[in-house]
Amino acid sequence: MTNTAPPTADAPGAGDFAARAHQITKVYGSGDAKVIALDAVTVGIPRGRFTAIMGPSGSGKSTLMHCMAGLDSVDSGQVFIGDVDLTKLRDKQLTRLRRDKVGFIFQAFNLVPTLTALENITLPMDIAGRRPDREWLDRVIDTVGLRQRLKHRPNQLSGGQQQRVACARALASRPEIIFADEPTGNLDSRAGAEVLGFLRDSVTSMGQTIVMVTHDPNAAAYADQVLFLQDGRIVDTMSEPTAERVLERMKGFELPGGVSGRPFAGGSEVSGAAAR
Ligand SMILES: Nc1ncnc2c1ncn2[C@@H]1O[C@H](COP(=O)(O)OP(=O)(O)OP(=O)(O)O)[C@@H](O)[C@H]1O
């Protein structure tokens with residue numbers, strides 16, 4: 001693994017980012033109920049790399065992912081997938097962009113129970129009226145080890161196998177970027193490790209770009225870099241994470257007395273509101 005520069009969307013070479021957020025703010029509610037879920041976040045997701053997003057509960061991880069994936073709107077700022085500014089798109093254009101350029105993997109596998117594994121994998125392309133690239137599809141199916149299970153329906157598959165179907169579905173159309181929201185949250189550690197190994201492999205050997213929200217330091221250790229969120233801001237980044245280092249960093253968020261959230265001494269450069 002090579003070293004990853006901290007992702008700053010303003011840095012030269014912004015073309016190297018599969019997705020970027022520029023000064024995005026997301027506010028829920030108003031008055032006393034007002035919550036600033038994202039506070040002027042600027043970040044770039046490097047192309048062909050595996051990025052994990054971590055942070056305490058309520059820090060804005062899901063909101064950041066949803067806004068960057070075009071599943072939710074921002075109150076201010078810009079979001080780019082490739083060169084396309086999502087904030088300038090109308091609903092229909094946004095739906096098409098999500099369909100063509102973005103893959104999703106959710107904690108609850110979200111498979112269609114009446115369809116076989118193969119039909120689930122090709123469903124997004126079928127809906128889009130696109131023919132799957134047979135060679136690519138074969139490679140994806142073999143990589144996730146589903147060759148013998150293609151005719152099975154979801155209820156005939158283990159949780160790990162179902163999530164591998166969901167991974168194959170996300171990869172099949174060769175999206176610009178895959179967003180994975182707690183992809184191992186419903187799996188035991190062995191099945192989780194299999195899925196994470198497969199995601200890692202799809203980045204290393206297929207050049208896929210993946211962003212994953214996780215609470216699990218072991219899962220984050222599969223990534224090339226980790227972004228740490230707190231109170232709607234990116235407060236730290238870590239390259240080449242190990243489970244131990246991630247766990248240690250996460251403990252910093254839980255310490256009482258205002259220590260929480262402070263980047264480690266000598267830690268990575270910070271992007272986002274906290275950097276200013
Ligand atoms: N629809 C909503 N309405 C009001 N507040 C919301 C809504 N969605 C999220 N929030 C608030 O925004 C903040 C960020 O939420 P978000 O779900 O992004 O955090 P998270 O880091 O993903 O949390 P968790 O790890 O618990 O899933 C939280 O304070 C949350 O309560």
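Q: How much of the protein is buried?
A: Buried residues make up 43% of the 276 residues. Buried means 20 or more other C-beta atoms, placed from the backbone, lie within 10 Å of a residue's own; exposed means 12 or fewer, and partly exposed is in between.

Q: Where does this model come from, and how are residues numbered?
A: It's a predicted model, where local features need pLDDT of at least 70 and side-chain atom pairs count only at pLDDT 80 or more, while totals for chains, interfaces and linings use all residues. Residues are numbered from 1 along each chain as its sequence is written.

Q: How many helices and strands are there?
A: Eight helices and ten strands. These are DSSP runs numbered from the N terminus, with helices being H or I of at least four residues and strands E of at least two.

Q: OK, the ligand. Which residues surround it?
A: Among them are Tyr28, Gly29, Val35 and Ala37, plus Gly58, Ser59, Gly60, Lys61, Ser62 and Thr63. A residue is near a molecule if its C-beta atom, placed from the backbone, lies within 6 Å of it.

Q: Which element gives the most to that shell?
A: Helix 1, with three residues. Helix 1 (61-68) and strand 2 (35-46) each supply at least two.

Q: And what classes are the shell residues?
A: Three are nonpolar, eight polar and one charged. Ala, Val, Leu, Ile, Met, Phe, Trp, Tyr, Cys and Pro count as nonpolar, Asp, Glu, Lys and Arg as charged, and the others, Gly among them, as polar.

Q: Switching topic: at what angle do helix 4 and helix 5 cross?
A: Helix 4 (residues 134-143) and helix 5 (residues 159-172) cross at roughly 155 degrees, and their axes come within 10 Å. Axes are lines fitted to C-alpha atoms, for helices over the stretch in contact, and angles run from 0 to 180 degrees between N-to-C directions. That makes helix 4 roughly antiparallel to helix 5, a label for angles over 145.

Q: Which residues make the contact?
A: Leu137, Val140 and Ile141 of helix 4, and Ala168, Leu171 and Ala172 of helix 5. Contact means C-beta atoms, placed from the backbone, within 7 Å. By class, that's six nonpolar, no polar and no charged residues.

Q: How does helix 5 sit against helix 6, parallel or antiparallel?
A: Helix 5 and helix 6 (residues 189-206) pack at about 20 degrees, with axes 9 Å apart. So helix 5 is roughly parallel to helix 6, as angles under 35 degrees count that way.

Note on methods. Angles under 35 degrees count as roughly parallel, over 145 as roughly antiparallel, 65 to 115 as roughly perpendicular and the rest as oblique. Two residues are in contact if their C-beta atoms, placed from the backbone, lie within 7 Å.
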